[in-house]
Amino acid sequence: MTLTTTAALVSAAYQEGRGVAAFNAINLETVEAITAGAEAANLPVIVQISENAVRYHGGLAPLAQAAIAVASSSTIPISLHLDHATDERLVGIAVDLGFSSVMYDASQLSYADNLTRTAAVTRRCHDRGAHVEAELGAVGGKSGVHAPGVRTDPQQAAAFVASTGIDALAVAVGSSHKMTTRDATLDEALISAIRRTVDVPLVLHGSSGVSDDGLRAAIAAGMTKINVATQLNKAFTAAVRDPRRRPRAGRPAPLSRRRPRCHGDGDGTPPDGDFSPIEWKRSHNNKIVTPAPLDTEL
């Protein structure tokens, strides 16, 4: 398979009444992990890079080009999507680099300004063949728009879609960004009502806070694109903090488990063998007294 488009993946899922997963990548390793997981499941996937990730790296091009290379060599269909972009210049850069879709997020603005800015961005993206997702209603967990009680109004959603020409709509139905527990309660009746009033696929942001059963119910009610970020980051950082959590055959023992053969030679040079201290402490007579502790988390 070669790199495909988000429009193709989302449209197919929408027509078939199923969901398609969209996972956020923060570096090359997470792109590779998402791809490996999708290949193991034999399912298509959308790889997303957020504006926050771009800010962290200081630019979009290196990670985008790496993601395109990984996706292009995959055995399953993968698309590349720019997530939560508030900078219109970044939207243009992403399309130039080969992103087939963008999520332009003006939800922090008033309804009128959100509509105006989103419509302008959508026209420019459509002129270049890119698929556009936008957000209506404040999905919780983002700076400045955290509002747990806010919900997307179905009639306003229909008007917004018609006026902007967007291709997919992210809606506020009870989920929240950055949740580390999976106990969010979604308004399935509202999802169904919005689905009946708009003619574009619906997107669930903050899916990390929703249980598996909750996600299945959301898809049955009318959700199509399911965004996941925080749960991946939780798994990634937990593994980084504990490199011994899943030892592999042939993997060298962590430094804290290696036993020294000796305390070194009198000239202060490290000893031979498998003793690999991070730092040597020397006494006033230049003899090694003890290695620094090695049981610090890596």
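Trainee: Is Phe160 buried or exposed?
Mentor: Phe160 counts as buried, with a relative accessibility of 0%. Keep in mind that this is a predicted model.
Trainee: And what about Tyr111, how accessible is that one?
Mentor: Tyr111 is partly exposed, and its relative accessible area is 30%.
Trainee: How many aromatic pairs are there?
Mentor: The count is one aromatic pair. Tyr111 and Phe160 form it, with 6.1 Å centre to centre and 50° between the planes, which makes the pair tilted.
Trainee: Which parts does that pair tie together?
Mentor: Tyr111 sits in helix H6 (residues 111-127) and Phe160 in helix H7 (residues 154-164), so the pair links parts that are 49 residues apart in sequence.
Trainee: Switching to the nonpolar cores: in the largest one, which residues touch the most other members?
Mentor: Those are Leu169, Val173 and Met223, in a core of 57 residues. Helix H4 (residues 61-72) gives the largest share of this core, six residues. There is also a second, separate core of six residues, including Leu9 and Ala13.
Trainee: Which residues are buried in helix H1?
Mentor: In H1 (residues 6-16), Thr6, Leu9, Val10, Ala13 and Tyr14 are buried. They cover an arc of only 125° around the axis, so they lie on the same side of H1.
Trainee: What's on the face turned away from that buried side?
Mentor: That face of H1 carries Gln15 and Glu16, which are exposed.
Trainee: And what follows H1?
Mentor: Gly17 does, and its phi is positive, near 70°.

How values were computed
Residues are numbered from 1 along each chain as its sequence is written. This is a predicted model: local features need pLDDT of at least 70, side-chain atom pairs count only at pLDDT 80 or more; totals for chains, interfaces and linings use all residues. Side-chain values use heavy atoms; hydrogens and water are left out. Rings of Phe, Tyr and Trp (its six-membered ring) pair if their centres lie within 6.5 Å; planes under 30 degrees apart count as stacked, over 60 as edge-to-face and the rest as tilted. Helices (H or I, at least four residues) and strands (E, at least two) are DSSP runs, numbered from the N terminus. Buried means under 20% relative accessible area, exposed over 50%, partly exposed in between (1.4 Å probe, protein chains only). A nonpolar core is a set of buried Ala, Val, Leu, Ile, Met, Phe, Trp, Tyr and Cys residues joined through side-chain atoms within 4.5 Å. The arc is that of the directions from the helix axis to the C-beta atoms.
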